[in-house]
Amino acid sequence: MSIAQRRILLAVTGGIAAYKACELVRRLRDLDAHVRVVMTEGATHFVTATTFQALSGEPVRISLWDEHGEAAMGHIELAKWAERILIAPASADTIARLANGFANDLLSTVCLASAAPVYVAPAMNQQMWAHPAVQANMETLRRRGVIQLGPDSGDQACGDIGSGRMLEALELREAMVASFVDERLRDLKVVVTAGPTYEDIDPVRFIGNRSSGKMGFAVAEAAAYAGAEVTLIAGPVGLATPPRVARRIDVRSAAQMHDAVLEATAQADIYIGAAAVGDYRPATVAGQKLKKRDGKGLTLELSENPDILADLSQRSPKPFLLGFAAETHDVAVYAQDKLKRKGLDMIAANQVGGGLGFEAEDNALSLFWPGGEEALPRASKRTLAQQLIVKLAERYRAQRG
Ligand code: PMT
């Protein structure tokens, strides 16, 4: 979906990354989005309002007490005008003020007065970003439905290296584009699995895997923002339920996930298997903790778990099936094979390793469907999830109308 004519309020706060916000305005305007800029007083120490005014073609607002701008309750008008509020860069101070519901400057007041989804692109020194106060404030915002974009990691303007760099202008624009997919899955029931499964060996040990659930949770969130009624079936993960997700079912083992999925998909239109489901489980679960057998080693007999996707593909009618594949090599070959073997409509393959895939914040996906493919280059899991949902909706409509 295009962002042409969509109304984006860009809030620029005090940080050196404010210079990237200039590029962002240009890139958004390239796609004919309407952009208005609000600056905090701190931001004006880095970039002038004249720069943003020239780039956006709109007056820039800085103060809540601007007599001209407030003649007609300008902050309320701005709050109502905005379809999206994008805060980029978002300083630690702004994140703290929003988390605490302040309303004593233009930006915080507009955010409180607006029903538009708020996107925050943090930008700060890596030590500041890692500080528990900043993380707690960000967590508060995420729980309220604020969408976090980045930060990236790498060289910082202050000379440090680490996490805290603002995403690049094109990545932020992509997130805005993806955010306008809201109608694509409207009225559809979508079931998403996420995270690992744990297969118990005894009361204290299990066989698990490194899946954090981040990819699957991001997909569930993106599907929900696209208007779907989402059921999220999660393995053991420590993640909060994303906003707008209708139902969450927590499971532990592959067998439990299998049963939960089969029940939840009875009426579903789409199934997305982002969970890393254990292929095997111990044939027997010891009732008591296994004792160390000095020098004797231990052999575990494993039984195969049911394959959720393969079972769903036998159903008639069956939901549209999107599988994931995590591979360490020959990604395309193995993914295409799984697409056929498991009877899928689409597969999203990720190469694990090199800072991508399991546990990582970022991923890169190669999508395959019968007769087509598309690469989604490295980005945050949230951004990728939004892009994936755009493609999924396209394939679903092409197949089922
Ligand atoms: O959770 P994160 O840390 O964010 O990491 C994300 C991820 C790497 C786990 C995710 O992007 C991903 O690739 N998930 C699928 C990983 C996987 O287990 O792939 P697989 O090749 O083993 O399985 C292929 C597909 O079959 C998957 O959709 C899986 O859910 C499904 N499957 C597997 C086994 C089984 N018994 N039943 C299944 O349905």
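1. The model under discussion is a predicted one. Ten residues from domain 1 and seven residues from domain 2 take part in the contact.

2. The sheet. Five strands form an open sheet with parallel pairing, and their order is E2-E1-E3-E4-E5.

3. Pairing of E1 with E2. Strand E1, which spans residues 7–12, pairs with E2 in the parallel sense, and the pairing runs over six bridges. Within this pair, Leu10 is placed opposite Val37 of E2.

4. Helices H3 and H5. Helix H3 (residues 74–81) packs with helix H5 (residues 106–113) at an angle of about 55 degrees, and their axes are 8 Å apart. H3 is therefore oblique to H5. The crossing in which H3 passes H5 is right-handed.

5. Residues joining H3 and H5. On the H3 side, the contact is made by His75, Ile76, Leu78 and Ala79; these meet Leu106, Thr109, Val110 and Ala113 in H5. By class, the residues of this contact comprise six nonpolar and two polar, with no charged.

6. Helices H9 and H13. A further helix pair consists of H9 (residues 214–225) and H13 (residues 381–400), which pack at an angle of about 50 degrees with their axes 8 Å apart. This angle is why H9 is described as oblique to H13. H9 passes H13 in a crossing that is right-handed.

7. Residues joining H9 and H13. H9 contributes Lys214, Met215, Ala218, Val219, Glu221, Ala222 and Ala223, and these meet Lys381, Arg382, Leu384, Ala385, Gln386, Leu388 and Ile389 in H13. The residues of the contact of H9 with H13 are nine nonpolar, one polar and four charged.

8. Reading the two helix pairs together. Two packed helices are described by the angle between their axes and the distance between the axes. For H3 with H5 these values are about 55 degrees and 8 Å, and for H9 with H13 they are about 50 degrees and 8 Å. As to composition, the H3 contact with H5 has no charged residues, whereas four charged residues belong to the contact of H9 with H13.

Definitions and conventions. Residues are numbered from 1 along each chain as its sequence is written. This is a predicted model: local features need pLDDT of at least 70, side-chain atom pairs count only at pLDDT 80 or more; totals for chains, interfaces and linings use all residues. Side-chain values use heavy atoms; hydrogens and water are left out. Axes are lines fitted to C-alpha atoms, for helices over the stretch in contact, and angles run from 0 to 180 degrees between N-to-C directions. Helices (H or I, at least four residues) and strands (E, at least two) are DSSP runs, numbered from the N terminus. Angles under 35 degrees count as roughly parallel, over 145 as roughly antiparallel, 65 to 115 as roughly perpendicular and the rest as oblique. A crossing is left-handed if the near helix is turned anticlockwise from the far one by less than a right angle, and right-handed if clockwise. Contact means heavy atoms within 4.5 Å. Ala, Val, Leu, Ile, Met, Phe, Trp, Tyr, Cys and Pro count as nonpolar, Asp, Glu, Lys and Arg as charged, and the others, Gly among them, as polar. Two strands pair if DSSP finds at least two bridges between them.
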